[in-house]
Amino acid sequence: MAELPAQESPIRLAGQLLIADPALREGIFRQSVVLLTDHSAEEGACGLILNQPSGHTVGEFLPDEEFASLSSVSVHVGGPLSREHLSFAALWWTEEKGLHFATRISASDAVKHVQNPGTLVRGFVGYSGWAEGQLESEIRHSSWFTARPTSALLANTHDNTLWAGTLRNLSIYHRMIAECPEDPGQN
């Protein structure tokens, strides 16, 4: 888990995962895993929720023959902003540099990426965004855990099981959080 430096120190979180604290019980970020695609102290942050499949595939939105290779690609809800737009992301792993990603790519670029073995391509409606200092404040108030992605991220199912699976791999403490019932009174 990435440690958050003192409040005066700039943090760099692009390329890391945000894992929602269980206290985020309502709304779109409940039990979410977000890939932070951009982050800077001056500009804020943006990312994509990885574990909220919409139940739709790209073929339902782009039936043209030129996009046939994307027809079975899952469309996920990437966040609460700009949900009227369909965009694409490609994720792949190399042992030398870890997780690579290309986001906000066109359907034509997604067609090229989907042909690369080991590359995960997803469609997204919406994205997640934070204003300058907002994400840092949320992390300091324990709304999010941060973690570096592992190669297992691409092999995992990107649905509601990703949250608990990602937490379990961080530490014993996080494993207990992941396995705790939503309402501990029902335990």
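This is a predicted model: local features need pLDDT of at least 70, side-chain atom pairs count only at pLDDT 80 or more; totals for chains, interfaces and linings use all residues.

Q: Why is alanine 110 called buried?
A: Buried means under 20% relative accessible area. Alanine 110 has 0% relative accessibility, so it counts as buried.

Q: Which residues does alanine 110 touch, leaving out those up to four places away in sequence?
A: Its contacts are Leu70, Phe88, Ile105 and Val121. For valine 121, the separation from alanine 110 is 11 residues in sequence and 6.8 Å from C-alpha to C-alpha.

Q: How much of the chain counts as buried, and how much of the accessible surface belongs to carbon and sulfur atoms?
A: Of the 187 residues, 43% count as buried. The accessible surface is about 10,100 Å², with 49% of that belonging to carbon and sulfur atoms.

Q: What share of the contacts join residues at least 24 apart?
A: Taking contacts between residues at least 6 apart in sequence, 64% join residues at least 24 apart.

Q: How far apart are the mean positions of the positive and negative charges?
A: The chain has 12 positive and 22 negative charges, and their mean positions are 4 Å apart.

Q: Which members of the largest nonpolar core touch the most other members?
A: Those are Leu18, Trp130, Leu135 and Trp144, in a core of 34 residues. There is also a second, separate core of 15 residues, which includes Leu70, Val73, Val77 and Ala90. As background, nonpolar side chains tend to be buried together in soluble globular proteins.

Q: What does leucine 135 touch, not counting residues up to four places away in sequence?
A: Leucine 135 is in contact with Leu13, Leu18, Leu36, His39, Ala45, Trp130 and Trp144.

Q: How do you know whether leucine 36 is buried or exposed?
A: Leucine 36 lies in strand β2. Its relative accessibility is 0%, so leucine 36 counts as buried, the limit for that word being under 20%. Beyond four places in sequence, leucine 36 is in contact with residues including Leu13, Leu18, Phe101, Trp130 and Leu135. Isoleucine 49 is 13 residues from leucine 36 in sequence, with 8.8 Å between their C-alpha atoms.

Q: Where is serine 32, and is it buried or exposed?
A: Serine 32 is in the loop between β1 (17-20) and β2 (33-40). With 0% relative accessibility, serine 32 counts as buried. Among the residues that serine 32 touches, beyond four places in sequence, are Leu18, Ile49, Trp144 and Trp163.

Q: Why is leucine 162 called buried when its relative accessibility is 3%?
A: The label asks for a value under 20%. At 3%, leucine 162 counts as buried. Its place is in helix α5 (residues 161-168), and its contacts beyond four places in sequence are Val33, Leu50, Asn51, Leu153, Asn156 and Thr157. Valine 33 is 129 residues away from leucine 162 along the chain, yet their C-alpha atoms are separated by 7.2 Å.

Q: What do the buried residues of α5 pack against?
A: The buried residues of α5 are Leu162, Trp163, Ala164, Thr166 and Leu167. They pack against β1, β2, β9 (144-147), α4 (152-155) and α6 (172-179).

Q: Why does arginine 104 count as exposed?
A: Exposed means over 50% relative accessible area. Arginine 104, in strand β7 (residues 98-105), has 58% relative accessibility, so it counts as exposed. Its phi is near 55°, a positive value in a residue other than glycine. Most residues other than glycine have a negative phi.

Q: Why does serine 142 count as partly exposed?
A: Partly exposed is what falls between the buried and exposed limits, under 20% and over 50%. Serine 142 has 47% relative accessibility, so it counts as partly exposed. Serine 142 is in the loop between α3 (134-140) and β9, and has a positive phi of about 60° although it is not a glycine.

Terms used
Residues are numbered from 1 along each chain as its sequence is written. Side-chain values use heavy atoms; hydrogens and water are left out. Buried means under 20% relative accessible area, exposed over 50%, partly exposed in between (1.4 Å probe, protein chains only). Contact means heavy atoms within 4.5 Å. Accessible areas come from the Shrake-Rupley method with a 1.4 Å probe; for residues, only the protein chains shown count as cover. Lys and Arg count as positive and Asp and Glu as negative; His and the chain ends are not counted. The place of a charge is taken as NZ of Lys, CZ of Arg, CG of Asp or CD of Glu. Helices (H or I, at least four residues) and strands (E, at least two) are DSSP runs, numbered from the N terminus. A nonpolar core is a set of buried Ala, Val, Leu, Ile, Met, Phe, Trp, Tyr and Cys residues joined through side-chain atoms within 4.5 Å.
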